[in-house]
Amino acid sequence: MATFELYKVESELALHAAYTLMRELRPHLTDAANFIARVHRQAQQGYCLQGVWQDQQLLALAGYRISENLLYGRFLYVDDLVTAPCARSHGLGAKLIDALRAEAHEQNCTHLVLDTALSNALGQRFYYRQGLLAAGMHFRQTLA
């Protein structure tokens, strides 16, 4: 039986592994050094990366932060959630969601929140199975 370990991605070596996997979700990230610098900047605002590892290989990754607003109160927001293609359908995304729920409880959050693309039907099915419900639409406008 496979043994999976969950831990935060913090070392430079782990961040390089995170970059490779994050490109599956964010293909516009084309430079590892830029990615790592962005993660460090975002960390100053509370951004964390949690990974699922097997035999020192990063197989799934979640980027998240604790925030607060008038709508949700204190909440955990999932910025990024990705599983390596070779590891999909093995429950790793569910392991990450469970770990994020536990983190949210530890941080006294009242909600776990994430956005997904309208075109991401498979992701939406996964989120519904995990007990997350669609509650609105996300609007944006590019300014630059």
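Tutor: A salt bridge is a side-chain nitrogen of Lys or Arg within 4 Å of a carboxyl oxygen of Asp or Glu. The model considered here is predicted.

Student: How many salt bridges does the count come to by this rule?

Tutor: In general, side chains of opposite charge can pair when their charged atoms come close. In this structure the count comes to three salt bridges.

Student: Which residue forms a salt bridge with aspartate 80, and how far apart are the closest N and O atoms?

Tutor: The partner is arginine 26, with the closest N and O atoms 2.8 Å apart. This pair links distant parts of the chain, 54 residues apart: aspartate 80 belongs to strand S4 (residues 73-83), whereas arginine 26 sits in the loop between helix H1 (12-25) and helix H2 (32-43).

Student: Is aspartate 80 buried or exposed?

Tutor: Aspartate 80 counts as buried, because its relative accessibility is 9% and buried means under 20%. Arginine 26, with a relative accessible area of 27%, is partly exposed.

Student: Which parts of the chain does the salt bridge between arginine 65 and aspartate 79 tie together?

Tutor: In this salt bridge the closest N and O atoms are 3.0 Å apart. Arginine 65 lies in strand S3 (residues 57-69) and aspartate 79 in strand S4, so the pair ties together parts that are 14 residues apart in sequence. Arginine 65 is buried at 15% relative accessibility, while aspartate 79 is partly exposed at 24%.

Student: Where do arginine 101 and aspartate 98 lie?

Tutor: Both are in helix H3 (residues 92-106); because they are three residues apart there, about one helical turn separates them. Arginine 101 is partly exposed at 27%, and aspartate 98 is partly exposed at 45%.

Student: How many aromatic pairs are there by the rule used for rings?

Tutor: A pair of aromatic rings is described by the distance of the centres and the angle of the planes. The count here comes to four aromatic pairs. One of them joins tyrosine 7 and tryptophan 53: the ring centres are 5.2 Å apart and the planes lie at 5°, so the pair is stacked. Tyrosine 7 in strand S1 (residues 5-8) and tryptophan 53 in strand S2 (residues 48-54) are 46 residues apart, and the pair links distant parts of the chain.

Student: Which of these accessibility classes applies to tryptophan 53, buried or exposed?

Tutor: Tryptophan 53 counts as buried at 5% relative accessibility, whereas tyrosine 7 is partly exposed at 37%.

Definitions and conventions. Residues numbered from 1 in each chain as written. Predicted model: local features only at pLDDT ≥ 70, side-chain atom pairs only at ≥ 80, totals over all residues. Heavy atoms only, no water. Helix = DSSP H or I, 4+ residues; strand = E, 2+ residues; numbered from the N terminus. Buried < 20%, exposed > 50% of the residue type's maximum accessible area, 1.4 Å probe, protein only. Phe/Tyr/Trp six-rings, centres within 6.5 Å; stacked < 30°, edge-to-face > 60°.
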